[in-house]
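Here is a brief structural report.

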Amino acid sequence: MSKILAISNQKGGVAKTTTCMSLGAGLAEMQQRVLIVDLDSQANLTLAAGLDDHELPWSVVDLFNPGDGEAAEAQANAIFPTGMDGLDILPADLRLAALERYLYDEPGYEYLLDKILSQWQTTYDYILLDCPPSLGAITLMALTAAQMVLVPVQCEYYAARGLSRLLDIVSEVQKRTNPGLKYHLLATLYDRRNNICRTVLEQLQTHFATAIFETVIGVDTRLRESPATGEPVLVYAPRTRAATQYRRLAQEVQTLLVD
């Protein structure tokens, strides 16, 4: 059965999409079958995988509202290969923004994504969900479907302060729809030359000692460059510090989610 991780933070610019792509690549390097799912209407993960969201015949949206007679075709064709063996993507497009507005009116909408993903539970070892930078209906669905939420936290003051709201949502999801949901923090965009970065990291490691990855993702120019190539950093620049860090993260994730 697949292990499902939601990668979520309501604050943008914290390396959420980069982490989804790079962690997926790290797990694929370890001979795991990985599906990355773009749940953000901006479709940044889709673009980072080398796909044009304006030209795709199918996307994740079609699985929520496929229309008469189109459900089976959407399910069979909505997953695309990336340029890396073992790593596939379920892409997104702008229609996700409109879909989210209607989900609240759907009884039990929180479980819709879980039902959609169930058809691939034996196809993939890991399913990684790239959530939008908000705490709306789509994020709630992702948290309901996941065994763990991975929270990228930028090592700066305001990003760390925003954690409490997300953790409140995690607590509500645990009470209402997914009692087994766990969370783990990932420090990102760390610059050891910056005093604030060092202070925030120390505080996170102190206050979340049992719920923070040992791996710390540093600032790396190659991470910013790789989306333009349509390749994960582990393929684009495999010997860089960032690639090494995401490999270590993949190992930690596999250890945490061992059967």
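The sections below go from basis to sheet, loop, helix and pockets.

## Basis

This is a predicted model: local features need pLDDT of at least 70, side-chain atom pairs count only at pLDDT 80 or more, and totals for chains, interfaces and linings use all residues. Numbering runs from 1 along each chain as its sequence is written, and side-chain values use heavy atoms, with hydrogens and water left out.

## Sheet

Eight strands form an open sheet with mixed pairing: the sheet of 8 strands is ordered β3-β4-β2-β5-β1-β6-β7-β8. Strands are DSSP runs of E, at least two residues; helices are runs of H or I, at least four; both are numbered from the N terminus. Two strands pair if DSSP finds at least two bridges between them.

β2 (residues 34–38) runs parallel to β4, with 4 bridges. L35 has D88 of β4 as its bridge partner.

## D93

D93 sits in the loop between β4 (87–90) and α5 (95–103). D93 counts as buried because its relative accessibility is 9%; buried means under 20% relative accessible area, exposed over 50%, partly exposed in between (1.4 Å probe, protein chains only).

The D93 side chain reaches the backbone nitrogen of R95 at 2.8 Å. Leaving aside neighbours within four places in sequence, D93 is in contact (heavy atoms within 4.5 Å) with S41, D53, S59 and V61.

## Helix α11

At the start of α11 (residues 221–229), a side-chain oxygen of D220 comes to within 2.9 Å of the backbone nitrogen of R222. G230 follows the helix, with a positive phi near 75°.

## Pockets

A pocket is an open set of points on a 1 Å grid over the protein atoms alone, where a 1.4 Å probe fits, with protein on both sides within 12 Å along at least five of seven lines; lining residues have an atom within 4 Å of a point. Volume is the space filled by probe spheres set on the points, which are joined across faces, edges and corners.

The largest pocket has a volume of about 510 Å³. Its lining has 29 residues, with G13, A15, K16, T17 and T18 nearest the centre. Two or more residues come from each of α1 (16–29), α2 (44–48), β7 (182–190), β8 (212–218) and α11. α1 gives the largest share, 5 residues.

The second largest pocket has a volume of about 180 Å³. Y190, D191, R192, R193, V216, G218, V219, R241 and Q245 line this pocket. β8 and α13 (241–256) each supply at least two of its lining residues.

Note on methods:
Polar contact = N/O pair within 3.5 Å; in protein donor to acceptor, adjacent residues only side chain to side chain.
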